Amino acid sequence: MQGCFKKTEELLDEAVLIDSDNCVSNVMAGNFKILFGKTVSDYIQRAKRFAVTEKEKIMCDLLNYQIEGKLAAALESCVSIVNRWPEDLWIAKLGNLFAFYLGKNEISVRLGRLALAANSESHLAYGMLAFALEESGELEEAEELCRTALGMCSEKGDPWAEHTLAHILHSQGRIQEAAKLMSTFTHHWTECNSFMYTHNWWHYALLLLDLECGKDELLSIFDDHIWNKDRTFIQDQIMATSFLLILDLRKIDYGQDRLDSVVSYINNENEFCVELQSDLLRLWAFQKSGNIDLANKLLQRIDDYSTNSTRSTLLKSTYMPCAKAVVEFGSSNYREAVSNFEKCDFNRFQQIGASKEQSLLFIEVLIESLERLGQHSEEKKLITEYIGMKRIENTPFWSEKIRSISI
Ligand SMILES: [Fe+2]
C-alpha cells in the first residue's frame, strides 16, 4: 500500500510527533495503521503509558482488541465509548466499520444516531448514519440525511454522503438521476484518498453501465480513474477487478491488456486471504487470464483458511463455496458453478467485506451460469429476485434479458 489514506496517516503521525505523551493520538494512529496491516506495538505501549482518564483506558482496550483481531470486543469498546462520549466521531466511525464487518447494521445505526445527536452541526455525522441506514434498507431516511449533509457543504462536497446517495438511488432504480448527480460531484473527489476516489468513480461507472452508455466512456473511466490511483492498494484492486468482471458479464470487450495489468498487481501471494472479497475477484481474474496454477494455489489457500479460521462456519457458507463457484465458472463448468453458488448465503456477504452492491456482482455470475446451462426457468426466478432488490427492470440490459427469457 502506497499513497492511499496518506493524508490521514500523515496527520496522525504529525499529532504523535508533536504530542508523543498523549494517549489519544497514539491510539488513533494505532487504530488507523493496523487497518492497513502495519505494526503498532510502539503506539499501544505509549498509549498505555499515558492513559489517565477512563475514556483513555477504554481506548487502549479497543486498540488491544484490534491488535488481537477480536472485532466483536473492539466493537463493544466503541459502543461503550460512544454511549458516554457521543461527540467522538472517530470512535463512532471505527465502530461503524467493525459493525459492518460483523454484519451488525443495527449497531451501526445506533452508533450513528448517538453520534448525530451530539454532532448535529457536522455533515460527516449525517453521512455516517445515512450509510448505516442504507445498508439496513432504510432508504428514505438515509436519502434525507445524505441531502442534509450535502446541503451543509455544497461547495466542497461530502464524498462519503455522495457515495451513499449513489447506493440509495441505484438500488431504487433512479439511475438517470443518480448518474446526473454523480457527474456533478466528480470534482469533489480529486482530494480524496485512493479508496474513496476509485470507489466513487466505480459507482458512477456502474450507473453509466446500467444506462448503456458507450464502451469508450466506460473504459476511459477505468483507465483514468478506477485503475490510475494506487494500484498497490487492495481496495483499488477490488474496484478494478470487479469492474472488469462486470464488463465481462455484460459482454463488453475491455481488452486483454487491462486484465493483464490488474493481474500483475494482484498476484502477490502474501496478500491472499487478507481481504476476503478480493480473493473471490482474484480467482476470476487468474482464471480469465490463463493463470490457472495461481488460481488453484489461491483456492487451496482459501480452503485451508476457511477450515482453520475461528469464523469457519461463516466462511464455509460464503467465502469458500463462492470461491469454488467462481473457479468452476472460469473453467466453463457451469453446472458445478451453480451447485456451489447454491451453498452460498449471499445475505452474509457483508461479513466478508462486500457491500450489498458488491455482493450482487456474484449473483450476476450465477445468473450467467444458469443462462449458459440453458436453465431459463431458474434464471428467470433469480433475475426476478435480483431486479426486485435493485429495481433495475427498466434498464436496457435487464429488460432485454427478461424479454429474451420470456420468449
Ligand atoms: Fe459503495
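The chain holds 23 helices and 0 strands, where helices (H or I, at least four residues) and strands (E, at least two) are DSSP runs numbered from the N terminus. This is a predicted model, in which local features need pLDDT of at least 70 and side-chain atom pairs count only at pLDDT 80 or more, while totals for chains, interfaces and linings use all residues. Residues are numbered from 1 along each chain as its sequence is written.

Values for the whole chain are collected here.

| Property of the chain | Value |
|---|---|
| Radius of gyration | 21 Å |
| Box of C-alpha atoms along the principal axes | roughly 70 × 45 × 35 Å |
| Buried residues | 44% of the 407 residues |

The radius of gyration, taken over C-alpha atoms, is set against a globule rule of 2.2 Å times the number of residues to the power 0.38; for 407 residues a compact globule would come near 22 Å, so the chain agrees with that expectation.

Helix H12 (residues 194-210) reaches 24 Å from its first C-alpha to its last, close to the 24 Å expected for its 17 residues, the expected span being 1.5 Å times one less than the number of residues. Because 15 of these 17 residues are buried, H12 is largely enclosed by the rest of the structure; a residue counts as buried if 20 or more other C-beta atoms, placed from the backbone, lie within 10 Å of its own. Glu212, which follows H12, has a positive phi near 55 degrees.

Leu259 lies in helix H15 (residues 256-266) and is buried, with 21 other C-beta atoms within 10 Å. Beyond its neighbours within four places in sequence, Leu259 is in contact with Leu244, Ala285, Lys288 and Ser289, contact meaning that C-beta atoms placed from the backbone lie within 7 Å.

Technical notes:
Buried ≥ 20, exposed ≤ 12 C-beta atoms within 10 Å, placed from the backbone. Contact = placed C-beta atoms within 7 Å.
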